[in-house]
Amino acid sequence: MKQVTLPLYLVTAGIILASTHTIAGDDVPFDEAELFFELNDTDGDLGIHGKVDGDEWKRLQIEDPYDRRMMSVRANGRLKRQGITELFFESAEPTFDELDPTDFFNRFPEGIYEIEGITLDGEERENEVFLSHVIPAAPNNVTINGVPAAEDCDADLLPVVTAPVTLAWAPVVDSHAWLGKGGNVEVRYYEVVIEIDDTDYKSTSIIPGDLTQWTVSDMNFFTLSEEGEYKFEILVRAESGNKSAVESCFIVE
């Protein structure tokens with residue numbers, strides 16, 4: 001199936017580089033190191049994500065604020081000779097019925113985590129990153145071409161619109177109403193994803209935090225679904241690195 005490439009909103013380099021949230025120190029750091037939480041507010045699940053990027057390394061470990069090892073990665077054999085430069089991971093994301101959010105946050109306490117590694121040349125790399133329990137509220141009051149979004153993709157009635165499609169939402173200004181802890185939220189960016197289930201067709205756009213709507217104007221994209229149904233996700237990322245998302249579906253006729 002042919003992949004459709006759609007234009008993305010270009011984000012300034014300053015926004016992209018801000019993602020490391022590294023606390024300065026005397027140690028030589030990785031180029032990028034981060035830990036953050038991601039909430040799917042529609043499905044009610046929560047997970048922890050991480051990313052490390054830098055010179056070729058052969059060993060990596062992460063310690064929590066109480067110096068307890070949380071993760072250890074060691075390259076062996078051919079991979080040890082080649083080295084690793086980038087690692088991204090996502091934890092499992094059980095629903096709140098399976099893992100109570102209070103237990104989740106107790107498992108991953110707020111504070112400074114140490115990410116340490118050894119390069120192929122035997123040099124040490126170390127970053128200290130702050131993992132916050134302040135979770136941004138998920139985008140709400142979502143509309144598609146002015147029509148209120150359905151609660152989720154399983155709703156009896158989905159909005160029916162015509163292309164081009166504009167998604168709009170209320171600005172995120174607060175932390176989540178009951179999840180994590182309260183605190184100030186500054187939006188780094190929003191991300192809008194529109195896709196057709198069970199296909200490779202997807203439109204992903206990164207949008208600066210001062211904008212709260214986005215139009216997908218590529219008319220060809222909205223001829224690709226045989227049933228006319230599309231799934232969307234609107235995600236907000238706070239300056240802390242934490243993310244919250246909502247998702248639903250709509251129909252294009």
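Glu226 sits in the loop between strand 16 and strand 17, strands being DSSP runs of E with at least two residues, numbered from the N terminus. Strand 16 covers 213-216 and strand 17 covers 229-238. The model is a predicted one, in which local features need pLDDT of at least 70 and side-chain atom pairs count only at pLDDT 80 or more, while totals for chains, interfaces and linings use all residues. Residues are numbered from 1 along each chain as its sequence is written, and side-chain values use heavy atoms, with hydrogens and water left out.

With a relative accessible area of 79%, Glu226 is exposed; the classes are buried under 20%, exposed over 50% and partly exposed in between, for a 1.4 Å probe and protein chains only. Glu226 also belongs to a surface patch of negative charge, together with Asp197, Asp198, Glu227 and Glu229. Patches are made of residues with over 30% relative accessible area and no salt bridge, like charges being joined within 9 Å and nonpolar side chains (Val, Leu, Ile, Met, Phe, Trp, Tyr) within 5 Å. A salt bridge requires a side-chain nitrogen of Lys or Arg within 4 Å of a carboxyl oxygen of Asp or Glu. Asp and Glu count as negative, and Lys and Arg as positive; His and the chain ends are not counted. Each charge is placed at NZ of Lys, CZ of Arg, CG of Asp or CD of Glu.

| Pair | Separation in sequence | C-alpha to C-alpha distance |
|---|---|---|
| Glu226 and Ile196 | 30 residues | 9.6 Å |
| Ser72 and Glu116 | 44 residues | 9.6 Å |

Ser72 is part of strand 4, residues 69-74. Apart from residues up to four places away in sequence, Ser72 touches Leu60 and Gln61, a contact being heavy atoms within 4.5 Å.

Is His133 buried or exposed? His133 counts as buried, at 13% relative accessibility. The loop that holds His133 runs between strand 7 (124-131) and strand 8 (134-136). Beyond its neighbours within four places in sequence, His133 is in contact with Phe37, Phe105, Phe108, Pro109, Glu110, Gly180 and Lys181.

Turning to the chain as a whole, it contains three helices and 18 strands, where helices are DSSP runs of H or I with at least four residues. Of its 253 residues, 46% count as buried. Among contacts with a separation of 6 or more, 65% involve residues 24 or more positions apart. The chain exposes about 13400 Å², of which carbon and sulfur atoms supply 46%; accessible areas come from the Shrake-Rupley method with a 1.4 Å probe, and for residues only the protein chains shown count as cover.
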